[in-house]
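These are my notes from going through one model, entry by entry. I started with the terms and then looked things up.

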Amino acid sequence: MIQISQLKKQYKDAVVLDVPSLEIAKGECFGLVGNNGAGKTTLFRIILDLVRATTGTVKINGEDVTRSEDWKSKVGAYLDEHMLLAYLTPDEYFETLRKIYGMSPDDLSHHLEKFTELFNEEVIGKKKYIRDLSKGNLKKVGIAAALMGNPEFVLLDEPFENLDPSSQIRLKKLVQKLTEESKVTFLISSHDLNHVTEICDRIVLVEKGKVIRDLRDKSEMLSELEAYFTG
Ligand SMILES: Nc1ncnc2c1ncn2[C@@H]1O[C@H](COP(=O)(O)OP(=O)(O)OP(=O)(O)O)[C@@H](O)[C@H]1O
């Protein structure tokens, strides 16, 4: 479980995040939506201890992320391409992560098999450096890397952005399969209301750093969000 309490992030006088309480249960597919600058990435960065909150705490399975390291083996994330090693090919990158995670070559092959459709023969065995990949293929590498090592929690920032329609559909199926079969807890921020409402069982809407809706009724999510964003 992820427990957020009394969380605030302030840059000079501007409060960009203010979340008194938020709990994300194990096995949940949690969607985060909101306009540009609403605070979605900031929340993810604080959960991953990439940015320190001004006040408040984030606990993952009871561990304060700023005070312990144990949670790191349970969490996978892909926020942006800064998390990749641009001077490697995808094959070299996955091989490097394989060693870090202590996986066998068979474990890695088995893991990458799940991404065969998503990679669409454009990622593995191409001898192209990560720095030269298209934005969509970069994202695919980042998502596959985030899911290495059997993480319990996976944070993905805008996973559908830059993916072609076939890849978006393949990614949705993959997330649904992993949620159902492996009980992975996904936290997904997205501007794509159709995709995020289709795969997530809960959507939190943020506006100017505050949670203004916490939607759990699947039948009403999309219409509520469309009404909000239409203004
Ligand atoms: N280092 C920083 N210094 C000052 N302000 C910052 C900093 N990082 C983020 N912000 C501000 O925090 C607010 C929230 O930004 P954040 O990137 O979390 O929004 P977002 O919801 O992810 O937006 P988008 O949909 O555009 O990706 C914005 O107003 C942004 O300008």
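The model is predicted.

**Entry: L50.** With that settled, I placed L50 in the loop between helix 1 and strand 4 (55-60).

**Entry: ligand shell.** Which residues are around the ligand? I listed Y11, V16, G34, N36, G37, A38, G39, K40, T41 and T42. Sorted by class, the shell has three nonpolar, six polar and one charged residues. Helix 1 (residues 40-47) gives the most to the shell, with three residues.

**Entry: V15.** I found V15 in strand 2 (residues 14-24). V15 has 14 other C-beta atoms within 10 Å and is therefore partly exposed. Leaving out residues up to four places away in sequence, I got contacts from V15 to K8, Q10 and G209.

**Entry: G27.** I located G27 in the loop between strand 2 and strand 3 (29-33). G27 counts as partly exposed because it has 15 C-beta neighbours inside 10 Å. G27 touches K183 and T185, again not counting residues up to four places away in sequence. G27 and H191 are separated by 164 residues in sequence and by 22 Å in space, C-alpha to C-alpha.

**Entry: helix 2.** I checked the length of helix 2 (residues 90-101) first. Its 12 residues should span 16 Å at 1.5 Å a residue, and the end C-alpha atoms are 16 Å apart, so the two agree. Which residues of helix 2 are buried? I noted P90, Y93 and F94. Viewed down the axis of helix 2, the buried residues fall within an arc of 95°, so they line one face of the helix. This goes with the general rule that an α-helix has 3.6 residues a turn, so residues three or four places apart point the same way. The cover over the buried residues of helix 2 includes helix 3 (105-113) and helix 5 (135-146). Just after helix 2, I saw that G102 takes a positive phi of about 65°.

**Entry: helix 5.** Helix 5 also has 12 residues, and reaches 16 Å from its first C-alpha to its last, close to the 16 Å expected at 1.5 Å a residue. How many of its residues are buried? I counted 10 of 12, so helix 5 is mostly covered. Among the buried ones are N137, K139 and K140, along with I143 and A146. I traced what the buried residues of helix 5 pack against: strand 6 (75-78), helix 2, helix 3, helix 4 (116-119) and strand 7 (153-157).

**Entry: nonpolar core.** The largest nonpolar core has 60 residues, of which V154, F186 and L187 touch the most other members. Helix 5 gives the most to this core, with six residues. I then listed the contacts of V154, not counting residues up to four places away in sequence: G76, A77, A146, L147, V184 and F186.

Definitions and conventions. Residues numbered from 1 in each chain as written. Predicted model: local features only at pLDDT ≥ 70, side-chain atom pairs only at ≥ 80, totals over all residues. Near = placed C-beta within 6 Å. Helix = DSSP H or I, 4+ residues; strand = E, 2+ residues; numbered from the N terminus. Nonpolar A, V, L, I, M, F, W, Y, C, P; charged D, E, K, R; others polar. Expected span 1.5 Å × (residues − 1). Buried ≥ 20, exposed ≤ 12 C-beta atoms within 10 Å, placed from the backbone. Arc of directions from axis to C-beta. Contact = placed C-beta atoms within 7 Å. Core = buried A, V, L, I, M, F, W, Y, C linked by C-beta atoms within 7 Å.
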